[in-house]
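Colleague: I am new to this structure and would like to learn how to read a few of its features. Could we take them one by one, with the general idea before each case?

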Amino acid sequence: MKSDMSSLKKSDKKAVLDFAAWSFNVTTSVGIIMVNKSLMATHGFSFATTLTGLHFVTTTLMTIVFRWLGLSQPSQLPVADLIKFVIFSNLSIVGMNVSLMWNSVGFYQIAKLCMIPASCLLEVVFDHVHYSRDTKLSIMVVLIGVAVCTVTDVSVNARGLIAAVIAVWSTALQQYYVHFLQRKYSLNSFNLLGHTAPAQAGSLLLAGPFVDYLLTGQRVDHFVFSSLALFFLTLSCFIAIGVNLSQFICIGRFSAVSFQVLGHMKTVLVLSLGFLFFGKEGLNLQVVIGMVLAVLGMIWYGNASAKPGGKERRSVLPVRSASLKGSSEEKDGAEK
């Protein structure tokens, strides 16, 4: 009886922590999209890659403060693994920006939807994960729902297709690698960010101005900041700390696939908030139906993947003995 009660309490605690992690990610992600929309569309700061580099600078400062306060303990991450992660992550950021520039909005959205099948394939090949029929169908409903409410005109060109393929696979690999590194080296989210954020900040700040000039034809060092533009830039950087941290927490607790499925809830929320704050132009029956389908699919996925056999890992990656504080974060958040 005591063991049943203990198991129930542990399950309840995990559910609460899972919901808190997901809510944290959704709130910060939706918030930064709204802030960046204002920064770029209203105030003209269209240098997305450089902005991402600044995001990682503030995230790096956060990890230094946490280490100084003793909230993050020293850890090890081999240079080879760090380099791989930074390559995947930076290709994802640049690839997404280039894909948006070279493709129609419709094809860009379709490419983003392909990240779930790509993440599924990585889990099946490398982790031998098995999905039940209901889990597969629920993912299909999510994809159809998001496609219905976001995909409009679709036109494809050769260079746009190449950019989209690079963006999809680099993003899927980056998110898979977050989960992989946390499990393999018993790294909690703070420690992993402490290793990756400085490398990404340095590389993106070096490459960002050149990439942004290629994409926009404008130089970031010629941009004249107004007081409001500077305010929104600073606010974006601070919110980015939460976005980067919550992403690592969520992928550590769930998986790349679950993170992608839950991530489409952000798409629905962004659309809803966009209609609420920026006008109802484009809101029609098709969009509403798509949103409803996507939400129903997400609920179905949550139930289907939680059932026995819904999503099973058939091989276990060897994990280093957990000697770091905070490693219980990943243990409590065993993959759903």
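This is a predicted model: local features need pLDDT of at least 70, side-chain atom pairs count only at pLDDT 80 or more; totals for chains, interfaces and linings use all residues.

Colleague: Which residues other than glycine have a positive phi?

Modeller: As a general idea, most residues other than glycine have a negative phi. In this structure, His-128 has a positive phi near 55 degrees, and Ser-186 has a positive phi of about 50 degrees although it is not a glycine.

Colleague: Where is each of them found, and is it buried or exposed?

Modeller: His-128 is found in the loop between helix H5 (115–127) and strand S1 (129–131), and with a relative accessibility of 43% His-128 counts as partly exposed. Ser-186 lies in the loop between helix H7 (158–185) and helix H8 (189–216), and because its relative accessibility is 8%, under the 20% cut-off, Ser-186 counts as buried.

Colleague: How many aromatic pairs are there, and how is a pair described?

Modeller: A pair of aromatic rings is described by the distance of the centres and the angle of the planes. The count here comes to 13 aromatic pairs. One of them joins Phe-45 and Phe-47, whose ring centres are 5.2 Å apart and whose planes stand at 75 degrees, so the pair is edge-to-face. Both Phe-45 and Phe-47 are buried. Another pair, formed by Phe-126 and Tyr-176, is tilted, with 5.8 Å from centre to centre and 40 degrees between the planes. This pair links distant parts of the chain, since Phe-126 is in helix H5 and Tyr-176 is in helix H7, 50 residues apart. Tyr-176 is buried, with a relative accessible area of 9%, and ring pairs also link Phe-88, Phe-126, Tyr-176, Tyr-177 and Phe-180 into a cluster.

Colleague: How many salt bridges does the structure hold, and which side chains meet in them?

Modeller: A salt bridge is read from the distance between a side-chain nitrogen and a carboxyl oxygen, and the structure holds three. Asp-127 and Arg-183 meet at 3.4 Å, N to O, and they link distant parts of the chain, with Asp-127 in helix H5 and Arg-183 in helix H7, 56 residues apart. Both Asp-127 and Arg-183 are buried.

The side chains of Arg-133 and Asp-134 meet at 4.0 Å; Arg-133 counts as exposed at 64% relative accessibility, whereas Asp-134 is partly exposed at 29%. Asp-221 and Arg-219 meet at 2.7 Å, with Asp-221 exposed at 51% and Arg-219 partly exposed at 42%.

Notes: Residues are numbered from 1 along each chain as its sequence is written. Side-chain values use heavy atoms; hydrogens and water are left out. Helices (H or I, at least four residues) and strands (E, at least two) are DSSP runs, numbered from the N terminus. Buried means under 20% relative accessible area, exposed over 50%, partly exposed in between (1.4 Å probe, protein chains only). Rings of Phe, Tyr and Trp (its six-membered ring) pair if their centres lie within 6.5 Å; planes under 30 degrees apart count as stacked, over 60 as edge-to-face and the rest as tilted.
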